[in-house]
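Let us walk through this model, one site at a time. Begin with a single side chain and its surroundings.

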Amino acid sequence: MRIGILGSGLMGGKLGTIFARAGHDVVFSYSHSKAKLEKLARNAGGRARAGTPAEAAKDADVLLLAVHWSRVDDVLKKAGNLNGKVIVSCSLPMNATDTSLVIANKSSGSEKLAKKVPKAHVVSAFNTVPSEVLFSVFESKGSGTRPSVVYCGDNAKAKKVAAQLIADVGFEPIDAGPLRIARYTEPFTLLVAQLAYEGDRGPAMAYRFEWFEEREQAE
């Protein structure tokens, strides 16, 4: 597939690199530094290259939105016409200090995004996955039981594309239903992130679900 990466941070950089190494055409975009985008493309290898958001969106089969919520409007404007495009969003609607969601309960960032680009097809995926584990999952792909990732959306064809990308990274794609399910996955994602990164006991608390499952199986 031809994949445009809108966002050059940890998530966009790592997923773009994995997609390139999985054999897709990838365009990295949206950074203050062109040199950073070019470095990402070199490190990714394959058919990866650097470009502008408009170049990333042109002829793309799918776009990965991986920018801070405060920059969503700007990157969408620079990407141009997104009618008919599949947009896989892994961006949470966080406030400026990254301490809380600015959209929750009755809606979600993914639903708000869908309203911003009503003629595109939005799928929410990857935002429940810490970027730190992406490379290790990809490298161990096919070696055993795959961890799962949930995704949700309203368009069947767009969800099929997202499921393929999830599988290419090395996860088992789990269809959680329509896009409104993001109302539940986005707060959960924030909770896990806060447990993992805040306080000395955070990582242990974040992974206790997996630990209990392993203990139960051992017993």
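Asp154 counts as exposed because its relative accessibility is 59%; exposed means over 50% relative accessible area, buried under 20%, and partly exposed in between (1.4 Å probe, protein chains only). This is a predicted model, where local features need pLDDT of at least 70, side-chain atom pairs count only at pLDDT 80 or more, and totals for chains, interfaces and linings use all residues. Residues are numbered from 1 along each chain as its sequence is written, and side-chain values use heavy atoms, with hydrogens and water left out.

Asp154 sits in the loop between strand S7 (148-153) and helix H7 (156-169). Helices (H or I, at least four residues) and strands (E, at least two) are DSSP runs, numbered from the N terminus. Leu179 is 25 residues away along the chain, yet the two C-alpha atoms are separated by 5.6 Å. A polar atom of the Asp154 side chain lies 2.9 Å from the backbone nitrogen of Leu179. Setting aside neighbours within four places in sequence, Asp154 is in contact (heavy atoms within 4.5 Å) with Val122, Lys159, Pro178 and Leu179.

Now the cysteines. Cys90 is buried because its relative accessible area is 10%. Cys152 is buried too, at 2%. A disulfide is a covalent bond between the sulfur atoms of two cysteines. The whole structure has zero disulfides, counted as pairs of cysteine sulfur atoms within 2.5 Å.

Definitions and conventions:
A polar contact is a pair of N or O atoms within 3.5 Å; within protein, one must be able to donate a hydrogen and the other to accept it, and residues adjacent in sequence count only if both atoms are side-chain atoms.
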